[in-house]
Number of protein chains: 2
Amino acid sequence: MTDRSLTERERTILSLVVQSYIHDCSPVGSRTLVRRFVLDLSPATIRNTMNDLEEAGLLVQPHTSAGRIPTSLGYRMYVDELMAPRPLSRKERAAIRDAVVGDQGGLVRDAASVLDQTVRALGDLSRLLAVSLEPRLDLGTFEKIELVSLGAGKILVVLTIEKGFLRTIVLELEVAVPAESLHETATLLNERLSGLPMKIIRESVHERMRDVSIGDPKILKLIVNNSEDIFSTSNEDEGIHYWGTPNILAQPEFADRERMVSLMGALEKKEIILRVLGGQSQQDGVTITIGEEHPDGEIEFCSIVASPYRVGEVSGSLGVLGPTRMEYSKLVSIVDYTARIVSEALGESADDEEDQPEDDA
Amino acid sequence: MTDRSLTERERTILSLVVQSYIHDCSPVGSRTLVRRFVLDLSPATIRNTMNDLEEAGLLVQPHTSAGRIPTSLGYRMYVDELMAPRPLSRKERAAIRDAVVGDQGGLVRDAASVLDQTVRALGDLSRLLAVSLEPRLDLGTFEKIELVSLGAGKILVVLTIEKGFLRTIVLELEVAVPAESLHETATLLNERLSGLPMKIIRESVHERMRDVSIGDPKILKLIVNNSEDIFSTSNEDEGIHYWGTPNILAQPEFADRERMVSLMGALEKKEIILRVLGGQSQQDGVTITIGEEHPDGEIEFCSIVASPYRVGEVSGSLGVLGPTRMEYSKLVSIVDYTARIVSEALGESADDEEDQPEDDA
DNA sequence: CTTAGCACTCAGCATATGAGAGTGCTAACG
DNA sequence: CGTTAGCACTCTCATATGCTGAGTGCTAAG
């Protein structure tokens, strides 16, 4: 538990133990270690070092006289200081890019569709559970509202948001409203709200729409009253995309039914994912959260590698979830690259004029 | 395997075996049976009968000298001839109704949202996996198309279909199109296509839109060329809603990892669900498919209780999936009732004028 | 037709046993 | 002093063994 920095040997051993365990999922002993990686040291020496690492809280033994396995802290150390991100092969990149970009031909794929494809690729490639959140439009700037009459008192509200994001909601009124009036109301809303971030609108429509003389007061009231829902992110708590449940369930760490069921429950309820991914979308770049670092007990055996993607002010996030024993070095690269491509893809599909140059990091 | 009809005693015994097995998930023996249900027969007699049932292919022994369990055929017999559908309690009905109907207040919940709520209730109530398919708009009659310019060459296509179903797609053109022209094009499309079923439109837009003089030819071409996607059901292969994976994974029949993983894979790929539920939506009323009756090996340990829901010509389906050992008598009622309520809810939210009377079956 | 009795089968459980992997410790070594 | 060989010890895992209980099929008697 003392956090004196590690010696070079300790760093090496820790790194090897982690790698070996990630590979085999079986506790690694001193003898095995020297044999697998041809070390110029005797098992006894390794044992001593391992003992030190155990005292530092980086390794544990599942039971007396078994090999060691990394603790969350051990993985943390490995991730932060020891591992070298493994660059992606040309083929892997292509796989991601093809899946994300897809081909349309006249039809514009919306964010949901892009993300759906993305998680599939991400899940298959990582052999873990891939997750993504649809863009949070909160910080996006509102561009335009359009009101389309659908007959029978129903009105389609079409919101255009920065970078071509779109949101449609159907409202219902008891009485039909003439097209003229609809148009006027829309114009009014546009005049007063255009250019503001969605979030600000939510907070201040009431004031901004207080004294109005034109437009239909009924519709206006309806919109103002439902502003929380209308000027929000996507529908309900939806907007989560998954892929790869079988991958993760097949992992040996979920042989325990108990764990498995509770994990699936957590996934289905979506709260946890929303909290973890949603929270992270503030920060930039790839974030790794390991095992017990999670506040939620249900996923204390899991790690998450996630990254936000951004299109203008709008952002969402994506990542993979798996057992703590995962190939961090590879996953960091995969997730990072995928997030970039998604940003790019959504940006492009949004407005073609500004061609963002592809940066190959 | 001879299908001479069963004697009264055989029917009773089969029924009791099925019920007992459904309850316990442990093979039921002759002695247990007489004890549990106070039968006026000796175990030996039961044994003889059971033997007959085994020869008829309705029961099997997992191994010599274990009790019997029902085969798919046994369940089939039970479901078709022996069981009495268990009526729902007032409370259960209320639970379903509340979840499905929900409350809106100005905002119209679309089919996706209604079904999402529905499967949650259905999954929780059945303690199994609930599944639903969004409505297939194929047979729905097309009412109106509306083209809304989004700027930057993008056009929002709004399709109104019978009973208030809605479908929106974004198209993209290289050049901006004047509003005037958009309106003309929409009018043209409405004149020629309104009142036709979506399916017919898909098959015949090319002919119907051959000789036109007004409207923008570019947009028209785009729409005609993409008619397969535009005048179709919902987006991609989406439109499946789930709930209750933990329920089903906790079932003892999925203790086997192998099975469990393959089941989850099948669910995720959606094909099987689409085939089973989609296929069934033709027929009316509740359909039960049991174990090996399914063409797909992945779900040969599962049964599905499903029912279509209908709103005018438009229909979709919903149901529950679980191990063959499920409470058919209860589930039939649940699924049936849920389907009715969903039909009702979607119908109402579609057009309020025609109040369908609630029928309490 | 029904039932008592009996020999037989087999999963499940507990117990014992041995092998293998791994450890910590101590003492010797360069 | 860091490193290493040796050793006693521990603990899991796999295998073998025996026992029990639930259940069966068959036969003969009621």
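In what order do the five strands of the open sheet in chain B run? The order is β7-β3-β10-β9-β8, with antiparallel pairing. Strands here are DSSP runs of E, at least two residues, and helices are runs of H or I, at least four, numbered from the N terminus. Two strands pair if DSSP finds at least two bridges between them. The edges are β7 (240-243) and β8 (287-290) of chain B, each pairing on one side only.

A word on ground rules. This is a predicted model: local features need pLDDT of at least 70, side-chain atom pairs need 80 or more, and totals for chains, interfaces and linings use all residues. Residues count from 1 along each chain as written, chains are lettered from A and ligands numbered from 1 in written order, and side-chain values use heavy atoms, without hydrogens or water.

Back to the sheet. Six bridges join β3 (residues 129-136) to β10 (residues 314-323), both of chain B. Val131(B) stands opposite Gly319(B) there.

Now DNA strand D. It has 21 residues around it; Arg9(A), Thr45(A), Ser65(A), Ser30(B) and Thr32(B) come nearest. Near means a heavy atom within 4 Å.

Next, individual side chains. Thr45(A) has an N or O atom 2.5 Å from a phosphate oxygen of DNA strand D. For Arg68(B), the distance to a phosphate oxygen is 2.9 Å. Arg47(A) goes to a base oxygen instead, at 3.4 Å.

Which element gives the largest share of the surface near DNA strand D? That is α3(A), with four residues.

Technical notes
Polar contact = N/O pair within 3.5 Å; in protein donor to acceptor, adjacent residues only side chain to side chain.
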